[in-house]
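Work through the exercises below with the sequence and the structure open beside you. Try each task on your own before you read its solution.

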Protein chains: 2
Amino acid sequence: MTPEEFRAAGHQLIDWIADYRARIAELPVMPPTEPGAIKAQLPDAPPALPESFEAILADLDRIVVPGLLHWQHPRFFGYFPSNGSLASVLGDYASTGLGVLGLAWQASPALSEIEEVVTDWMRQMVGLSPAWSGVIQDTASTSTLIALICARERTTAYALDRGGLQAEPRPLVVYTSAHSHSSVEKAALLAGFGRQNVRIVPHDAQQAMRPDALAAAIAADRRAGATPCAVAATSGTTTSTAFDPLEPIAAIASAESIWLHVDAAMAGSAMILPECRHLWNGIEGADSLAINPHKWLGAAFDCTLYYVRDPQHLVRVMSTNPSYLQTAADGRVKNNRDWGIPLGRRFRALKPWFLIREQGVAALQARLRRDLENAQWLAGEVRTTADWRLLAPVTLQTLCVRHEPNGLDADALDRHTRAWVDRLNRSGAAYLTPALLEGRWMVRVSIGAEMTERAHVAALWQAMRQAAAAPLTV
Amino acid sequence: MTPEEFRAAGHQLIDWIADYRARIAELPVMPPTEPGAIKAQLPDAPPALPESFEAILADLDRIVVPGLLHWQHPRFFGYFPSNGSLASVLGDYASTGLGVLGLAWQASPALSEIEEVVTDWMRQMVGLSPAWSGVIQDTASTSTLIALICARERTTAYALDRGGLQAEPRPLVVYTSAHSHSSVEKAALLAGFGRQNVRIVPHDAQQAMRPDALAAAIAADRRAGATPCAVAATSGTTTSTAFDPLEPIAAIASAESIWLHVDAAMAGSAMILPECRHLWNGIEGADSLAINPHKWLGAAFDCTLYYVRDPQHLVRVMSTNPSYLQTAADGRVKNNRDWGIPLGRRFRALKPWFLIREQGVAALQARLRRDLENAQWLAGEVRTTADWRLLAPVTLQTLCVRHEPNGLDADALDRHTRAWVDRLNRSGAAYLTPALLEGRWMVRVSIGAEMTERAHVAALWQAMRQAAAAPLTV
């Protein structure tokens, strides 16, 4: 495709995306797609000869859109908001169009330095001290893996330079809570700790890790001859937006010389609001921190900010320096390849750079405050409606809700919950994610898609009551 | 930004990218940027209020473009071709504009199933048997890490479910060659093996791993009480495009029950040419394989294909299944989150899907053959020119070259090599990556940028001779 062909096709595609975003509210949020239905529409083998761009574009309408869950839909209340704000989308378009790679500073100086500046802008926006250095990773899952590997290497004084984890005389232990994200346990297993060395620290009634229980677990492990290595705490858990109390946890981590990683993937965006920052009091005592501007804030996926207090340690664990990557600038510049797992890197900083500049911090704050207010409005409705219950504090924009009609035992209630949310999702009117809370199914309402206004939340609430009021099928 | 504002700004950006690609040959390939020069042009703090899109776009011209190494430039001969072919760029634009996430099949059925179909198209294009299952990862580095973790878990019968690597009684060992990519050793260290348990198997005069030396190293480790675990072989090494002989290596791996991972990051694209496939004879005996269509083939970065022969094993190592990710379709569908490290996934399949359809396989083959011919042409020029030497066979599109004027000892020759390539790169006329080969500096010429025609290679050759002919500064 020549630049002139790209110009023509690109204009078509821009119009197509603009139209998609403009009419998205008219689409069913979830498609009725059956497994295998998309595959069945595609040829088994690749084409030997070119197809027209029109044919490809037509397949977006014919095959792709009818097979998508529409994350940008104003009535999307599932998982978490994954806002691909259109200014940020354009930043990503610039990145892909430029087609440059950040293997080393010299391999694209602007890529490296704009990332440095924008991660520092975000540091200021969430109220972190200048002691933190940031880099962009793909996801919080990867960031947690990096954090636990860095913890492992700090505790073992760089066992990777010797016999690795397998040469350690005593097992290293990782602490987290049952409400941390599933990626924490996954990271611990991938990093080689083993499931037996992952301690699930008990939580309190608000699903927050109990510092006294953490201290007790560490003491028990020391008595048993194990080596406490890291604690993975959460600022804003996936299920109920619980905040592990970072101040006492950081004090324990510091006293015990263990690594503290904080997963603020979703709730980190809220810290651009000064009134929310009390929720992560103690954050300055952490060793590493992940925030996903690709969630609520609006940076197009993927864009996870990973902050550390000791970048030298990170670089020592992650660095590679073969001759073909060396340049004259080394030693005077930040080589981002030494801050994560992949060598190749996109120009991802353009996504938050475009977003923050086109919106301005004040408008981003206003949008998040709108969502907090919408969540409180819905919480008020749920609280004052018969048979409906809020199951956790509405700390930010997520509600944990259950419809509890009289006369259902626990199992029947689980079936009722899953049935009505399934009915609602299949109707296309809205999308919600059910989840287990303390062993029982309930429904998460995650408010904060960029297009979601009060009217959409009100429509959701009506659809929820309708779906739950259908004849019980228990 | 509203859809209508996006429409207007998007058209501007499309024109800007089309103009950039159309005039890219007029730009110096490498910028004269000094460390810190980009940062100095940016505000220290984020803007509270919005800026116009015009101001942001203007900064692409004012700050970004003058600070980039232009990877899409027709006289870019550094590292490897990282072609962001414009059809593929549009596929990425569709992905970012749709803003959907593949947390689970149900979280976007079309995202999952088109990935399944396109990775199978690519499997057919490179001539692999139907025994392989593919998934898209970000990079070959990450894929190697996944492969070594999977090897670790197969050898230990899922130690991750018990005490992890740290509970293994005997050290697990990884084998590779000095010419494998730096990411292999990095992956082994991150996976916890430890540097002492990474064996560098000797290579032959063509930089290919010696199977007899591999067998000897394995035998020595078994005698010493260690457990051979994995061999990471390379199809097309970074420095000189050497091909480790897969047939005998696979036979050893099979006999010893150790994992064989093949890194075909760069050269895997060549396997769409049937005449190249003899180079990786034996590939069907590997356990895992990484190919980067985001290099020579033209898929916009990032797009690494990771193929495995035993997907159940991969899923068992990588899977997580918290309640909030469960859906009614589980068990009948492929959940890509269980095939890699990150949970969140972009709709990356659109990049190869658009590329393969807009080009057709025949045109992709023709472009790669053009590059192979250009490499042979330059090889002929180098061979027949006094004082110039080819240091390795030109198997595909990379040349290892040195200018060796009379009377220089080895150290002086190293200084001369680095000096002339630095002069050439700074001139902006072309970009080359120097590297060490058998302990001495030489220059890699990696041909295959999409816009590179014979005339650009001829211009490079003239610029090389000019740069090398400048007064010696040794």
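**Exercise 1.** Find where A:Tyr79 lies in chain A, and decide whether A:Tyr79 is buried or exposed.

*Solution.* Begin with the position: A:Tyr79 belongs to the loop between E1 and H3 of chain A, where helices (H or I, at least four residues) and strands (E, at least two) are DSSP runs, numbered from the N terminus. Next take the accessibility, for which buried means under 20% relative accessible area, exposed over 50%, and partly exposed in between (1.4 Å probe, protein chains only). Because its relative accessibility is 4%, A:Tyr79 counts as buried. Finally look at the backbone, where A:Tyr79 has a positive phi of about 35° although it is not a glycine.

Before going on, note that this is a predicted model, in which local features need pLDDT of at least 70 and side-chain atom pairs count only at pLDDT 80 or more, while totals for chains, interfaces and linings use all residues. Residues are numbered from 1 along each chain as its sequence is written, chains are lettered from A and ligands numbered from 1 in the order in which they are written, and side-chain values use heavy atoms, with hydrogens and water left out.

**Exercise 2.** Locate A:Ser85 and list the residues that A:Ser85 contacts, leaving aside neighbours within four places in sequence.

*Solution.* A:Ser85 sits in the loop between strand E1 (76-77) and helix H3 (86-98) of chain A. With a relative accessible area of 1%, A:Ser85 is buried. Contact means heavy atoms within 4.5 Å, and once those sequence neighbours are set aside, the partners of A:Ser85 are A:Gly298, A:Leu355 and A:Glu450.

**Exercise 3.** Describe how H3(A) and H3(B) are arranged, and say which residues make the contact.

*Solution.* Two packed helices are described by the angle between their axes and the distance between the axes. Here the axes are lines fitted to C-alpha atoms, for helices over the stretch in contact, and angles run from 0 to 180 degrees between N-to-C directions. The axes of H3(A) and H3(B) come within 10 Å and cross at roughly 160°. Angles under 35 degrees count as roughly parallel, over 145 as roughly antiparallel, 65 to 115 as roughly perpendicular and the rest as oblique, and H3(A) and H3(B) are therefore roughly antiparallel to each other. The residues that meet are A:Val89, A:Asp92, A:Tyr93, A:Thr96 and A:Gly97 of H3(A), together with B:Val89, B:Asp92, B:Tyr93, B:Thr96 and B:Gly97 of H3(B).

**Exercise 4.** Work out the orientation of H12(A) and H13(A), and name the residues through which they meet.

*Solution.* Helix H12 (residues 410-427) and helix H13 (residues 454-469) of chain A pack at an angle of about 125°, with their axes 8 Å apart. H12(A) and H13(A) are therefore oblique to each other. From H12(A), A:His416, A:Trp420, A:Arg423 and A:Leu424 meet A:Leu460, A:Ala463, A:Met464, A:Ala467 and A:Ala468 of H13(A).

**Exercise 5.** Which rotation superposes chain A on chain B?

*Solution.* Copies are superposed by least squares on the C-alpha atoms of residues with pLDDT of at least 70 in both. A rotation of 180° with 0.0 Å of shift along its axis brings chain A onto chain B (RMSD 0.0 Å). That is the relation of a two-fold axis. Of the residues of chain A, A:Gln166 comes closest to the rotation axis, at 2.2 Å (C-alpha).
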